[in-house]
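Open the model in your viewer and keep the sequence panel beside it.

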Amino acid sequence: MAATLELTVDARAQYLQEIASDAALSHMPLIAAALGSIGATLGDCSEYTGRFGKSLTGKNIYEFHKQRLLMLHECLKTEKLVNQINLVAIETIPSIQEAMSVMDALHYLNKQGVVLPEVWISFSASTEECIGSGESIIDAVKLVNSCPE
């Protein structure tokens, strides 16, 4: 994780150096640390459907995201990454259950004093109205909007 983020920081620095003589920069390019669905680690395409099988509970999903967010937090304390990552993108979440687990992990970490950049959660979609699991995208967005972290 740290190596990928460091490459991104280096790429931004190179970009800024290359354009420095060309024109005035209107805004600093942002870097988002991207974390995906637990399904992407399972190799069964469940990152698209949210059907993780009976062996994965909400607690398992919560622990997975809590550990990855903690790992990210530790990476962001390294010399090269301090104050370099602007956002955390929790991407293509397929189910409300997984989004709730992410939000619970963020809430827990916030209470523990773990500081992360601003976080967004995006969903995968199966139709114009439904996320990957078939649940309403409106319900999913309402849930995420209710998260204070």
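Helices (H or I, at least four residues) and strands (E, at least two) are DSSP runs, numbered from the N terminus. This is a predicted model: local features need pLDDT of at least 70, side-chain atom pairs count only at pLDDT 80 or more, and totals for chains, interfaces and linings use all residues. Residues are numbered from 1 along each chain as its sequence is written, and side-chain values use heavy atoms, with hydrogens and water left out.

**Whole chain**

Start with everything shown. The protein has 5 helices and 3 strands. Along the sequence they run α-β-α-α-β-α-β-α. The C-alpha atoms fill a box of roughly 55 × 35 × 30 Å along the principal axes. Of the 149 residues, 37% count as buried; buried means under 20% relative accessible area, exposed over 50%, and partly exposed in between, with a 1.4 Å probe and protein chains only.

**Strand S2**

Select Thr-92. Thr-92 lies in strand S2. Its phi is positive, about 50 degrees, although Thr-92 is not a glycine. Thr-92 is partly exposed, at a relative accessible area of 42%.

Now select Asn-83, in the loop between H3 and S2. Asn-83 also is not a glycine, yet has a positive phi of about 60 degrees. With 73% relative accessibility, Asn-83 counts as exposed.

**Helix H3**

Select residues 58–75. This is H3, with 18 residues. From first C-alpha to last, H3 reaches 26 Å, close to the 26 Å expected at 1.5 Å a residue. The expected span is 1.5 Å times one less than the number of residues. Show side chains for the buried residues of H3, among them Ile-61, Phe-64, Leu-69 and Leu-72. His-65, Lys-66 and Arg-68 are on that buried list too. What covers the buried residues of H3 includes helix H1 (2–19), strand S1 (32–35), strand S2 (87–93) and helix H4 (96–111).

**H3 against H4**

How do H3 and H4 pack? Their angle is about 50 degrees and their axes are 8 Å apart. Axes are lines fitted to C-alpha atoms, for helices over the stretch in contact, and angles run from 0 to 180 degrees between N-to-C directions. That makes H3 oblique to H4. Angles under 35 degrees count as roughly parallel, over 145 as roughly antiparallel, 65 to 115 as roughly perpendicular and the rest as oblique. Residues making the contact include Ile-61, Tyr-62 and Leu-69 of H3, and Val-102, Ala-105 and Leu-109 of H4. Contact means heavy atoms within 4.5 Å. The contact residues of H3 with H4 divide into 9 nonpolar, 4 polar and 3 charged. Here Ala, Val, Leu, Ile, Met, Phe, Trp, Tyr, Cys and Pro count as nonpolar, Asp, Glu, Lys and Arg as charged, and the others, Gly among them, as polar.

**Helix H4**

Hide H3. H4 has 16 residues and spans 22 Å from its first C-alpha to its last, close to the 22 Å expected. The buried residues of H4 pack against H3, S2, strand S3 (118–123) and H5. Gly-113 follows H4, with a positive phi near 85 degrees.

**H4 against H5**

Last, select helix H5, residues 137–145. H4 and H5 pack at about 5 degrees, with axes 10 Å apart. They are therefore roughly parallel to each other. The contact is made by Ile-96, Ala-99, Met-100 and Met-103 of H4 and Asp-139, Ala-140, Leu-143 and Val-144 of H5. By class, that contact has 7 nonpolar, no polar and 1 charged residues.
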